[in-house]
Amino acid sequence: MRRKLGGECPATEKPGPRGATAALWLLPAAFALLVSPASAQVLEEVAAVYGGGRFGEQPHVEGDLLCWPMWNPGVIECIPIAHWGGARFGVAPNIPALVGVHLGGGFLFRGANGSSPDGSRIFAIPLSILDEPYSERRKKEILVSPVGAVVATNDFFVFILVGVSEETPWRGKILAKPLDRLANLSPEAFSVVCELQDDRRTGGLTRTEAASNAFFVWTDRRSRVGNWNVHVKRAEDLFDDQVRVIDTRLAHPLGLYLALEGSLLVFQGAEENVPEQTPGIYFVDLESAEDPVAIAPSKEDHIYRQWPAISREYIVWTELADDYFVRSAWGRRLVDGKPVGENFRIGSGGSWITLDRNIAAWNGSTSFQGGDVVHQAIVAVELDLPGADDVGDVDHDSSINITDPIFVLNHLFLGGPRPRLRLADADLDREITLSDAAAILEYLFRGGRRPGDRG
Ligand SMILES: [Ca+2]
Ligand SMILES: [Ca+2]
């Protein structure tokens with residue numbers, strides 16, 4: 001169901017009192033079921049939300065929230081993804097550009113001056129008020145900056161890239177502004193982190209800069225034909241001149257993508273300075289003195305490895321073959337900050353891919369749920385998280401209690417919202433069935449095995 005901008009933001013849909021009461025009748029049946037053995041399957045793709053042409057380009061995922069900028073109509077929309085099939089809602093107007101929308105630091109940032117003739121100033125919306133009516137929420141939007149576009153956040157700063165075409169002394173610079181001084185528009189609230197050597201404008205790529213509490217990284221190059229370098233500043237040296245420079249060996253005209261999680265950096269790079277090479281995906285722990293390693297090496301194979309994204313658990317990216325027409329999404333597991341195992345295909349892929357913890361989402365057409373092809377959707381997969389302690393917390397409210405098996409029963413028998421598979425799959429057989437509700441009930445009331453525990 002589509003919510004217009006200005007409508008009320010719906011709360012996450014949970015089984016209502018009637019559904020919960022009806023589902024209670026099914027509890028004895030759930031108790032009677034035995035846990036079935038696990039079996040391996042490919043990852044299931046879920047269409048988190050559908051739309052029309054150019055729908056949902058460059059989605060962002062953060063915790064249980066998925067948001068995306070729309071061009072026509074120009075609006076930023078969100079959907080809660082603690083479970084699938086919730087109601088999407090408009091959050092704020094959006095300028096017709098891909099830059100400027102950023103989720104992080106507890107805020108949704110929007111607006112990008114200089115990215116287009118109808119750019120706008122930067123505003124911040126606290127995520128804590130997203131469920132308030134737009135008329136109320138709008139009054140609480142914070143004007144952050146009259147210039148630039150937000151490119152990154154950490155727990156302390158928002159980072160703003162000011163395009164070279166903007167009429168300000170800050171043009172061509174990246175600024176840091178403390179999150180606790182967001183509403184302060186005096187120049188003293190902005191500090192220069194770096195000056196860009198390349199004359200990019202803010203209307204170019206997004207995700208070419210990134211921040212964590214430990215590091216800030218950005219891409220730059222000395223000339224318009226040279227290699228792109230990843231520039232690295234430690235958080236404690238943010239306003240000093242100490243910079244580590246990593247040569248990507250890529251001179252792609254449009255720039256390159258990177259992503260950062262703590263000290264773990266992934267970026268597009270190449271094996272050698274060979275012009276014909278298409279980008280590969282490279283990884284380095286910035287706390288180590290080691291050189292970057294290839295996760296998916298660049299080759300002369302005309303497969304573009306694009307949009308690397310990273311969490312503590314995974315690296316993901318998209319591969320584009322045959323002149324971009326054949327797409328697939330790929331991943332590599334991270335354990336204790338190190339890549340382990342082989343690369344594996346995580347899904348159909350599309351344009352763009354975003355990741356938070358184990359949820360990867362992209363914009364694209366795909367086949368899902370029995371082979372029906374969906375044109376234009378934001379598609380998500382839930383990657384495995386062996387040993388995670390939130391299996392069984394089906395409604396993702398941070399505790400396992402009676403509402404969780406009821407959520408499963410409500411979905412199975414009363415058409416209730418579809419749980420996230422990994423959270424509901426208490427018996428680890430990659431399906432949501434009555435036995436999952438039974439396993440959670442066993443755990444809650446009969447001292448059974450913890451949901452998700454292989455025993
Ligand atoms: Ca729960
Ligand atoms: Ca199951």
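**A closer look at a helix pair**

Modeller: Happy to! The axes of helix α4 (residues 403-414) and helix α6 (residues 434-445) come within 9 Å and cross at roughly 165°. Please keep in mind that this is a predicted model. Two packed helices are described by the angle between their axes and the distance between the axes. With α4 and α6 crossing at roughly 165°, and angles over 145 degrees counting as roughly antiparallel, α4 is therefore roughly antiparallel to α6. As for handedness, the α4 and α6 crossing is left-handed.

Now for the residues at the contact. On the α4 side you will find D404, P405, V408, L409 and L412; they meet L434, D436, A437, I440 and L441 of α6. Sorted by class, the contact between α4 and α6 has 8 nonpolar residues and 2 charged ones, with no polar residues.

An open sheet of 4 strands runs in the order β11-β12-β13-β14, and its pairing is antiparallel. Its edge strands are β11 (149-153) and β14 (191-195), each of which pairs on one side only. On average, neighbouring strands of this sheet are turned by 30° against each other, direction ignored. Strand β12 (residues 157-161) pairs with β11 in the antiparallel sense over 4 bridges.

Technical notes. Residues are numbered from 1 along each chain as its sequence is written. Chains are lettered from A and ligands numbered from 1 in the order in which they are written. This is a predicted model: local features need pLDDT of at least 70, side-chain atom pairs count only at pLDDT 80 or more; totals for chains, interfaces and linings use all residues. Axes are lines fitted to C-alpha atoms, for helices over the stretch in contact, and angles run from 0 to 180 degrees between N-to-C directions. Helices (H or I, at least four residues) and strands (E, at least two) are DSSP runs, numbered from the N terminus. Angles under 35 degrees count as roughly parallel, over 145 as roughly antiparallel, 65 to 115 as roughly perpendicular and the rest as oblique. A crossing is left-handed if the near helix is turned anticlockwise from the far one by less than a right angle, and right-handed if clockwise. Two residues are in contact if their C-beta atoms, placed from the backbone, lie within 7 Å. Ala, Val, Leu, Ile, Met, Phe, Trp, Tyr, Cys and Pro count as nonpolar, Asp, Glu, Lys and Arg as charged, and the others, Gly among them, as polar. Two strands pair if DSSP finds at least two bridges between them.
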